[in-house]
Amino acid sequence: PELQVMKLTLNVWRQPASQSPGKLETYALDNVSADMSFLEMFDLLNEQLTAEGKIPVAFAHDCREGICGSCSMMINGQAHGPWAGAATCQLHMRAFKDGDIITVEPWRAAGFPIVKDLVVNRGSLDRIIQAGGYVSVNTGGARDANSILIGKDIVEEAMDAAACIGCGACVAACPNASASLFTGAKITHLGMLPQGQPERDTRALAMVEQMDIEGFGHCTLVGECQEACPKEISIDVIKKMNRDYLVASAKRQEPKAATAS
């Protein structure tokens, strides 16, 4: 069968540097195959711009397999575009039709300063993880899977939270620019497992407090985060994060027992 091709109009955010003003620029793009991924369509646009002697659009990407979380684009007002459970690199042009106008912008959040065009600095998420998103015990070599018995429901819940790729779509979609889904996923992932128990309290305190330091907004359970998440992580992880943080805060404020003289 004949390959379906489209002609599109792209409104793309162009900003030469973080402190420079930016604006939407319009480009006409022809011969776009319906089988292309969204990022391959941008490759085609950049080839056209380069041939015209213009500066290509800067956008972040790496694995192009929905694993690394780099491909952060707001497409027609939706983080990662119209397909649920998919990152931008997994979105294909068959989601659009000939003649469509597509507006592409970077993540919009105080915690994600723009570097150039569609590229934002998501280092704030790395700093939240560095604040406590790890298990600091010497676990040695790999152990047999059955040596630590964990219930199937707990394992599945921990693994669902661990699926987070740190793309920041939850922040971009949230009207408050909250990073609670991301932080909740990281806290829940480790807090559900035996290896994560010794530092459960300090982890919750450190990561939530770092999230606030980074300038992210507060969660009001709007739910847009879970709708935008390419791994479809539930906002239940926010409930677990809040519980762990409140428990840890209460323990921190408890007065120490008087020492017998």
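A177 lies in the loop that runs between α4 (169-173) and α5. The model described here is a predicted one. The phi angle of A177 is near 55 degrees, a positive value in a residue other than glycine. Most residues other than glycine have a negative phi. With a relative accessibility of 16%, A177 counts as buried, because the cut-off for that class is under 20%.

## R64, another positive phi

R64 also has a positive phi, of about 55 degrees, although it is not a glycine. R64 sits in the loop between α1 and β3 (74-75). Is R64 buried or partly exposed? Its relative accessible area is 27%, so R64 is partly exposed.

## Helix α5 against α3

Helix α3 covers residues 152-162 and helix α5 covers residues 180-191. The two pack at an angle of about 145 degrees, and their axes are 8 Å apart. The crossing in which α3 passes α5 is left-handed.

On the α3 side, the residues that meet α5 are A158, A161 and A162. Their counterparts in α5 are A185, T188 and H189. By class, this contact consists of four nonpolar residues, two polar ones and no charged ones.

## Helix α5 against α2

Helix α2 spans residues 123-132, and its axis comes within 11 Å of the axis of α5. The two axes cross at roughly 30 degrees. Angles under 35 degrees count as roughly parallel, and α2 and α5 are therefore roughly parallel to each other. Their crossing is right-handed.

From α2, the residues L125, I128 and I129 make the contact, and from α5 the residues F182, T183 and K186. The classes here are four nonpolar, one polar and one charged.

## The buried side of α2

Which residues of α2 are buried? They are G123, S124, L125, I128 and G132. Among the elements that cover these buried residues are α5 and α6 (200-213).

S124 belongs to helix α2. Its relative accessibility is 1%, so S124 counts as buried. Beyond its neighbours within four places in sequence, S124 is in contact with G111, F112, E214 and F216.

## The largest nonpolar core

The largest nonpolar core holds 65 residues. Which of its members touch the most other members? They are F38, F42, L45, M73, M93, I102 and L118. Helix α1 (residues 38-51) supplies the largest share of this core, with six residues.

When its neighbours within four places in sequence are left aside, F42 is in contact with V12, V57, F59, M73, V104 and L118. Two of these partners, M73 and L118, are also named among the core members that touch the most others.

## L91

L91 is found in the loop between β4 (78-79) and β5 (101-105). Its relative accessible area is 0%, so L91 is buried. Not counting residues up to four places away in sequence, L91 touches M36, S37, F38, I75, H80, G81, P82, W83 and F96. One of these, F38, is also listed among the core residues that touch the most other members.

L91 and D160 are 69 residues apart along the chain. Their C-alpha atoms are separated by 22 Å.

How values were computed:
Residues are numbered from 1 along each chain as its sequence is written. This is a predicted model: local features need pLDDT of at least 70, side-chain atom pairs count only at pLDDT 80 or more; totals for chains, interfaces and linings use all residues. Side-chain values use heavy atoms; hydrogens and water are left out. Axes are lines fitted to C-alpha atoms, for helices over the stretch in contact, and angles run from 0 to 180 degrees between N-to-C directions. Helices (H or I, at least four residues) and strands (E, at least two) are DSSP runs, numbered from the N terminus. A crossing is left-handed if the near helix is turned anticlockwise from the far one by less than a right angle, and right-handed if clockwise. Contact means heavy atoms within 4.5 Å. Ala, Val, Leu, Ile, Met, Phe, Trp, Tyr, Cys and Pro count as nonpolar, Asp, Glu, Lys and Arg as charged, and the others, Gly among them, as polar. A nonpolar core is a set of buried Ala, Val, Leu, Ile, Met, Phe, Trp, Tyr and Cys residues joined through side-chain atoms within 4.5 Å. Buried means under 20% relative accessible area, exposed over 50%, partly exposed in between (1.4 Å probe, protein chains only). Angles under 35 degrees count as roughly parallel, over 145 as roughly antiparallel, 65 to 115 as roughly perpendicular and the rest as oblique.
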